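Dear colleague,

I am passing on the structure below. My notes on its aromatic side chains follow it.

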Amino acid sequence: MFLLNHPLVRTLRKLRGNVRGCVYTEALWGIPFNLYAPYASVYMLALGLSDSQVGLITSVGLAFQVFWTLMSGVISDKLGRKRTTLIFDLISWSIPTLIWAVAQDFTYFLVAAFVNAVWRVTSNSWQCLLVEDTDPDILVDVWSWIYIAGLLAAFVSPLTGLLIDRFSLVPTMRGLYLLAFVMMTAKFIIMNRMVTETRQGRIRMEATQDQPFFSALKGYPQVLKGILRAPATLVTAALMIILSIIRTINGTFWSIMVTQELQIPEKHLAIYPFARSMTMLLFFFLLMPKIRRMEARRPMLVGYLGFVASQLILINAPVSGYGWVLVATLLEACSLPLISTLLDKLIALNVDPAERARIMAILYAVVIIFTSPFGWIAGKVSEIDRGLPFVINIALFVIGALIVLFAGRLEGRNVGGAEPAEESATA
């Protein structure tokens, strides 16, 4: 009975329209992604790639993402949010999962990174589907459910360790990628049936229907000027950059650090995604309802400091230090929701709905430009010392904490509080 009356559950049950289609189908993407993602880098190493090649693939993928991010706003406006999401989801996830499933060497992963970079288009259009026509008051709950959908993989992640123990790493990963192809493709088709074009999407489609495709890019300088005149948006962009770099480094090198430096076998890696996911699930259900209406700075600052502690513990953990890695994982699991969920809502509230697609395109392009070198940089320093990528993380966490500490109240806008005037109708 407690669970049925929980604020998150009440929000989930009341979802209607596009937000319902986006949230209800997200687990079909989140579960397979979170099953294979922790092992992606060690899968590359098992197929003969070096640390620097793994980092290079990450950087190359990010470089291609810059182009697709800039194009995403134009494509979303021309084709509409719904059509764009279906087409580019199928290209950016269904095709790469098949390539990863049969990969043999560096070339396969490079081609997959190029194709997968197209996900930046659907990221823009999907976020528009999610937040346009959605009540701003429920955005934190909505984003919480998006993260929870991925965390549901925790209930089956121990199976991955058993499969690796039985069949070894490479055959298991090939099977997981094939499973991802089936589940993700199903998700894209089902969601497309559940959503309709947004009100703002229809307005932008009509406004751009007679406009030559590339001429729409001419409006970007004016949109950029608007961003530069909005201090709250600039602060949000800085925090987005920091979180993006950290996620890139952790997503690429955490499993390498744990398996190669700390000598924890691949079959035992599943312990940590399971612990991380279960902790975050508890965090979302027990603490996020109390945090969602707090002013952003304090919980985000706590999140950054918690991340610093987790990285310090990780790089100082002894060989076979299962317990130390677990403590670092739990700290990270408690810190991430404080940063990511509130940042997602800041992004939604600080973006003019009339130009959401193009503003988001520019913001994410800037984020990727700053992030892209760090895959290669982290790969190079990892070959010197596998703890160094996480030293970079610590420096970034400190910078993020300082930005949050001295940013004031983001032009007086409180997370979960009153919406800015231009967001009063939609988010």
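Buried means under 20% relative accessible area, exposed means over 50%, and partly exposed lies in between (1.4 Å probe, protein chains only). The model is predicted, so local features need pLDDT of at least 70 and side-chain atom pairs count only at pLDDT 80 or more, while totals for chains, interfaces and linings use all residues. Residues are numbered from 1 along each chain as its sequence is written, and side-chain values use heavy atoms, with hydrogens and water left out.

A search of the whole structure gives 15 aromatic pairs. Rings of Phe, Tyr and Trp (its six-membered ring) pair if their centres lie within 6.5 Å; planes under 30 degrees apart are stacked, over 60 edge-to-face, and the rest tilted.

One of the pairs is Phe64 with Phe114, edge-to-face, at 4.6 Å centre to centre and 80 degrees between the planes. This pair links distant parts of the chain, 50 residues apart: Phe64 is in helix α5 (residues 51-79) and Phe114 in helix α7 (residues 106-116). Helices (H or I, at least four residues) are DSSP runs, numbered from the N terminus. Phe64 counts as partly exposed because its relative accessibility is 33%; Phe114, at 40%, also counts as partly exposed.

Trp126 and Trp143 also pair edge-to-face, with 6.1 Å between centres and 70 degrees between planes. Trp126 lies in helix α8 (residues 119-131) and Trp143 in helix α9 (residues 139-151), 17 residues apart. Both Trp126 and Trp143 are buried.

One aromatic cluster is made up of Trp29, Phe33, Tyr36, Tyr43, Trp93, Trp100, Phe109 and Tyr177.

Regards

Notes. Helix = DSSP H or I, 4+ residues; strand = E, 2+ residues; numbered from the N terminus.
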